[in-house]
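Colleague: Could you walk me through this one slowly? I am still learning how to read such structures.

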Amino acid sequence: MAPNPPPFSQKSQSPSQPSGKSEVTDLKLQLRGLAGSRAPGSDDKKRDMFKRVLSYMTVGIDVSTLFSEMVMCSATSDVVLKKMCYLYVGNYAKSNPDLSLLTINFLQRDCKDVDPMIRGLALRCLCSLRVEGLLEYLVGPLRAGLIDDNGYVRMVAALGVLKLYNISSATCIDGDFPAMLKNLMLNDPDAQVVANCLLSLQEIWNLEAAVSEDASMEIEALLSKKVVYYLLNRIKEFSEWAQCLVLDLVSKYTPSDNNDIFDIMNLLEDRLQHANSAVVLATIKVFLHMTLSMTDVHQQVYERIKAPLLTLVSTGSPELSYAVLSHLHILVMRAPMLFSSDYKYFYCQYNQPSYVKKLKLEMLTAIANDSNTYEIVTELCEYAANVDVPIARESIRAVGKIALQLYDVNAIVDRLLQFLEMEKDHVTAETLVLVKDLLRKYPQWSHDCIAVVGNISTKNIQEPKAKASLIWMLGEYSQDMLDAPYVLESLIENWDDEHSPEVRLHLLTAVMKCFFKRPPETQKALGAALYAGLADSHQDVHDRALFYYRLLQYDASKAESVVNPPKKAVSVFTDTQSSEIKDRIFDEFNSLSVIYQKPSYMFTDKEHRGMLEFSEELGNLSLGAETTDDVVADSQIYDASDNDLLLSTSEKEESKAPLSGGSAYSAPNYDNASSSLIATDTQPESHLGLPTYNPQSNLAIDDLLGLGLFVAPSPPPLKLSPKPALDPASFQKKWAKLAVSLSKECSIDPKGVATLSTPQALPRHMQDHSIQCIASGGQHPNLKFFFIAQKADSPSFYLVECLVNTSSAKTQLKIKADDNGNSEAFLSLFLFALSKFGQSL
Amino acid sequence: MISQFFVLSQRGDNIVFRDYRGEVSKGSAEIFFRKVKFWKGDDVDEAPPVFNVDGVNYVHVKVAGLLFVATTRINISPSLVLELLQRIARIIKDYLGILNEDSLRKNFVLVYELLDEVIDFGYPQTTSTEVLKSYIFNEPIVVENAHLPNLGPAAMFVQGSKRMPGTAVTKSVVSTEPGGRKREEIFVDIIEKISVTFSSSGYILTSEIDGTIQMKSYLSGNPEIRLALNEDLRIGERGGSSHGYGSSTGGVVILDDCNFHESIHLDSFDVDRTLSLVPPDGEFSVMNYRMTQEFKPPFHVVALIEESGSCKAEVTIKVRADFPSSITANTIKIQMPLPAYTTRVSFELGSGVAGNTTDFKEATKKLEWGLKKIVGGSEHTLRAKLTFSQDSHVNLTKEAGPVNMAFTIPMYNASRLQVKYLQIAKKSKAYNPYRWVRYVTQSNSYVIRL
């Protein structure tokens with residue numbers, strides 16, 4: 001446990017959770033004895049004692065009760081002792097604000113020591129106390145530290161200002177410390193002092209931006225050509241870490257013209273040969289972002305950075321290699337063509353960790369094209385036979401994805417079918433899922449595939465996804481598979497043993513499809529399935545069985561057109577990630593976003609995002625006013641819901657049904673699970689008659705059930721200007737300046753949610769209520785909108801942040817207003833407008 | 001910036017714990033360790049070096065069996081944190097001589113002292129072993145290396161070259177020799193890791209050499225050093241096709257790419273391939289390079305699996321060492337996954353072999369063959385008879401393999417990149433420090449498909 005704590009090691013080797021109480025008391029007595037001692041050798045004894053105290057601290061035993069004894073012992077000229085004492089004090093001052101006063105005396109004295117190192121250490125400790133009551137003692141030494149002759153002291157002081165800001169922003173700003181930092185940054189001969197000033201200023205202004213308008217000007221000043229060039233010209237003086245800091249700043253700088261860009265790139269060119277991957281990636285970020293608007297140069301940058309990146313991937317430790325590879329991954333995903341001849345670098349190595357292999361497989365998938373598919377697929381097939389099961393699975397999926405993105409899939413289909421002959425359960429399972437997807441895109445292959453799939457015994461397949469896929473194929477191709485009805489029948493006989501509701505849902509759909517193709521053979525199975533389904537304890541299974549039952553009762557031919565409509569081949573399976581999200585991640589190059597493959601707003605709290613990032617966030621959201629209302633083609637809507645390649649097919653069919661076969665149907669959204677659920681649940685006694693789908697009654701039921709759906713109030717009296725005049729930039733400023741006046745969480749009508757499959761529908765709708773969308777973004781299920789409204793004949797604005805979660809049908813509103821008195825009235829107006837959303841359609 | 005830094009032992013104990021910003025809870029080390037130990041997610045059974053739990057990002061590297069971890073709440077550059085962690089580990093090693101749990105526990109106060117200077121308020125400050133020296137006052141407590149497992153590149157030199165002083169690369173930059181005088185010496189190690197994949201017909205599918213020139217200097221007064229590489233060394237030419245196999249380059253070494261430590265002056269590199277530098281204290285990589293040019297693999301391996309009757313099969317693995325007999329490879333380990341229904345394996349080794357070990361790992365169904373050493377030019381064969389629990393009715397080569405080989409070959413380098421000379425600026429005529437230039441080649445991924 002503790003590094004060498006004598007009491008423990010004597011008593012027991014590994015105490016599980018020592019309270020350390022008696023040991024601490026013991027230490028206390030011994031420290032007291034030593035406190036006044038100036039005898040020779042007492043420093044050595046103190047060192048031993050301090051070591052023990054720190055070792056307890058490390059393992060998490062509370063030694064804060066020793067505070068006064070520690071301070072008493074700290075009157076010493078021994079630097080090692082001093083340092084240990086500083087460490088201790090820094091750790092416990094916050095929980096002992098009163099006792100901390102005891103330390104001030106000797107810290108202040110040390111801040112005036114002749115030895116610059118002692119001055120620096122004492123100042124660092126003083127700034128790290130994090131006790132607000134002691135601020136008055138801090139300001140003086142800090143100010144002196146900033147103008148100290150010694151670079152080390154100034155370096156400590158520059159960061160000390162930031163620490164001060166963190167304890168009390170007012171003291172820091174009012175004391176004019178930022179201005180001193182700025183001066184120091186532009187003039188200090190010591191590069192580390194400059195770097196510390198820069199990072200302190202960045203952090204201070206980013207935090208300050210939320211409350212002060214000056215802050216954004218200060219941020220702009222940091223990003224001015226003068227400052228950026230000043231730092232760039234000194235770049236080689238900086239340590240590698242400070243270089244990263246400067247490069248990060250440069251990546252946010254907007255160059256004045258192309259010469260500017262080329263000057264900077266030429267200056268930084270040799271940074272690409274640096275052995276530190278953080279420096280190289282920071283440089284690459286500058287290069288990529290500066291050349292975004294110059295397509296050909298941008299492409300040259302890709303070519304230029306390839307070799308250094310590959311070198312970092314192969315020569316670093318596995319962890320570093322992973323971080324660099326993640327960055328290479330997003331570049332490959334953006335421009336697979338540029339990497340198509342480098343595929344061999346993305347082959348997996350025997351001893352690589354699986355998280356690395358996984359990335360590599362994705363890259364191989366992305367860069368596969370006509371020229372290299374054969375080699376890549378051959379390599380992937382080697383992995384498929386691999387003993388590493390997760391990677392074998394990934395490899396098979398990769399082969400499948402390559403097949404789905406290419407036109408010439410002849411050879412690949414053969415290979416996939418060979419996988420089925422390998423008779424390894426996990427291989428078979430993965431392959432079945434793929435064959436199903438493949439058939440949805442290339443129905444022309446059904447003959448070959450079905451022949452092989454037909455030979456697979458359902459007994460050997462246990463994984464729900466695979467089983468569901470096989471069942472889907474049995475239903476879809478029941479006319480070509482001789483024994484399809486009988487296989488389905490035997491599966492239905494074992495209904496109760498089937499634990500996955502997904503499989504049971506598929507079974508219902510498949511037996512329906514089979515019934516319409518081969519009625520006499522399937523009738524018995526269908527009856528059994530519906531019977532079992534109606535008795536099923538799983539709600540969805542029950543509902544689907546009930547739905548099919550009623551559908552059949554109502555009109556068998558209609559039922560056929562719903563369950564078994566003529567299908568168009570799926571042309572493109574959509575990406576799991578929208579291009580907007582991908583761009584966002586690219587904007588955040590050289591950050592954790594790249595590793596997680598998520599933009600930062602999805603994993604960081606707001607207070608830990610700087611203003612710079614926040615403003616980027618607003619800027620990147622597409623401006624609602626500018627987007628044209630594209631009419632989305634039917635097939636695209638289908639694809640849009642097809643987020644996951646492995647999404648259960650039934651879900652897709654249901655969402656497709658109203659488009660292809662449901663025209664005679666009056667229900668506006670029977671595909672919306674929640675509304676059909678409500679309908680069936682409220683009419684259990686209507687003994688399987690034809691349910692009447694009527695939007696109005698539906699809403700009434702919702703109200704009746706008190707499901708929290710918003711009950712439309714009458715419009716409140718507040719009048720809004722039909723054309724609020726505020727540009728996005730001033731919106732941003734205003735948003736940063738104003739405090740939240742009201743926040744509210746409420747539900748939205750499920751029909752509204754359905755309409756949100758095209759997110760632009762909401763802005764359009766709100767516009768009719770004189771509420772303008774200024775920016776929007778996000779990805780299902782989390783959408784984000786910024787709205788603006790203006791009180792009629794008044795300069796008073798209302799700013800709204802509206803977060804919509806489409807899966808829970810909830811929305812979170814934040815309203816900021818120039819005139820807080822009216823915000824209640826505005827809120828009800830906004831809610832009224834929102835409640836109408838989806839009903840006009 | 002980072003919020004906390006800590007080092008955990010393999011069992012999850014805090015050895016060092018430093019909180020710089022106070023924004024992440026103190027229990028983070030425990031949360032982290034639990035997450036890493038029982039990692040579950042995305043079909044990957046090993047925790048990636050970077051992950052997020054409840055808004056806290058955990059970044060870690062494994063060094064010498066210890067976990068070096070940083071936490072942060074902001075969207076920081078992962079490479080920066082990983083490089084920093086790696087650097088911290090290296091600085092500690094520079095100071096302690098040997099980095100392991102024992103030395104770290106004995107010296108944790110020194111480590112705290114280092115950390116104070118390396119990171120302030122979560123921002124990296126000074127990471128140069130050299131500069132740190134003037135701020136560090138604790139003396140390292142040196143631990144004995146003898147009974148400890150060898151870690152890192154130092155271990156590779158213990159065997160094979162007897163002239164080498166065993167403790168040379170494991171001594172602290174601050175401690176002095178028992179005699180009170182520091183020994184003037186400098187080590188330059190050319191370490192190459194090779195990756196080769198052979199097809200079932202013995203054809204090379206991919207090959208790559210990842211090399212690094214490591215330096216560790218114990219020279220006082222920091223004299224300037226010149227390091228000359230092959231004069232005809234070429235960089236960045238991939239010779240037409242993406243992989244220039246077969247293109248005879250007549251002994252010229254062609255690197256795909258390389259990068260350098262920041263202390264290196266490249267002024268004359270383009271002219272005569274010499275690097276000049278004032279070596280900082282401690283261990284560092286002068287240059288890292290990558291090569292996909294064709295090279296002669298050190299081992300030629302043939303692996304076969306054939307059915308030999310019902311429920312029986314035979315495996316043959318033949319290894320030939322394609323390097324001069326003056327060189328000896330050591331710690332060779334060959335592994336081959338066998339069909340999952342293999343129940344028994346009996347081995348048959350060629351005559352006159354010593355120091356061979358053979359094993360069948362029941363749990364993982366792997367055949368393992370270990371050889372203490374292989375002398376250049378020699379050939380070794382292993383035959384194994386397998387017994388199956390069921391009849392195999394599919395292609396056996398799809399059920400077994402590929403064969404993987406691990407080895408170390410001291411004083412050998414596959415790329416033929418050489419340090420032609422190592423010149424130290426002389427302070428006086430009598431000044432003649434020890435210079436050690438050593439080569440070693442290790443397998444990274446040496447795979448033979450069936």
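Predicted model: local features only at pLDDT ≥ 70, side-chain atom pairs only at ≥ 80, totals over all residues.

Colleague: Okay, how many helices and strands does chain A have?

Modeller: Chain A has 42 helices and 5 strands, and of its 841 residues 57% count as buried. If you look at contacts in chain A between residues at least 6 apart in sequence, 67% of them join residues at least 24 apart.

Colleague: And what about the interface, how many residues of chain B are in contact with chain A?

Modeller: There are 98 residues of chain B in contact with 90 residues of chain A, and the two chains bury about 8000 Å² between them, with 54% of that on carbon and sulfur atoms. Between chain B and chain A the count is 40 residue pairs in polar contact, both residues being at pLDDT 80 or more. On the side of chain B that touches chain A, helix α2 (residues 78-96) of chain B gives the largest share, 8 residues, and that side divides into 38 nonpolar, 29 polar and 31 charged residues.

Colleague: How many salt bridges are there between the two chains?

Modeller: The count between chain B and chain A is 8 salt bridges. One of the pairs is Arg21(B) with Glu203(A), whose closest N and O atoms are 2.4 Å apart. Another joins Arg449(B) and Glu379(A), at 2.8 Å from N to O, and this pair crosses from the segment after β26 (434-448) of chain B to helix α21 (residues 373-384) of chain A.

Colleague: Are Arg449(B) and Glu379(A) buried or exposed?

Modeller: Both Arg449(B) and Glu379(A) are buried.

Colleague: Switching topic, which residue meets Arg334(A) in a salt bridge?

Modeller: That is Asp583(A), at 3.3 Å from N to O. Arg334(A) lies in helix α19 (residues 318-334) and Asp583(A) in helix α32 (residues 579-587), so the pair ties together parts of chain A that are 249 residues apart in sequence. Arg334(A) counts as partly exposed at 36% relative accessibility, and Asp583(A) counts as partly exposed at 38%.

Colleague: Last one, why does Lys734(A) count as buried?

Modeller: Lys734(A) counts as buried because its relative accessibility is 17%, and the cut-off for buried is under 20%. Lys734(A) is found in helix α39 (residues 728-737) of chain A, and its side chain makes a polar contact with the side chain of Asp818(A) at 3.2 Å. Not counting residues up to four places away in sequence, Lys734(A) touches Leu726(A), Phe797(A), Leu799(A) and Asp818(A).

Note on methods:
Residues numbered from 1 in each chain as written. Chains lettered and ligands numbered in written order. Heavy atoms only, no water. Helix = DSSP H or I, 4+ residues; strand = E, 2+ residues; numbered from the N terminus. Buried < 20%, exposed > 50% of the residue type's maximum accessible area, 1.4 Å probe, protein only. Contact = heavy atoms within 4.5 Å. Buried area = accessible area lost by both parts, 1.4 Å probe. Salt bridge = Lys/Arg side-chain N within 4 Å of Asp/Glu carboxyl O. Polar contact = N/O pair within 3.5 Å; in protein donor to acceptor, adjacent residues only side chain to side chain. Nonpolar A, V, L, I, M, F, W, Y, C, P; charged D, E, K, R; others polar.
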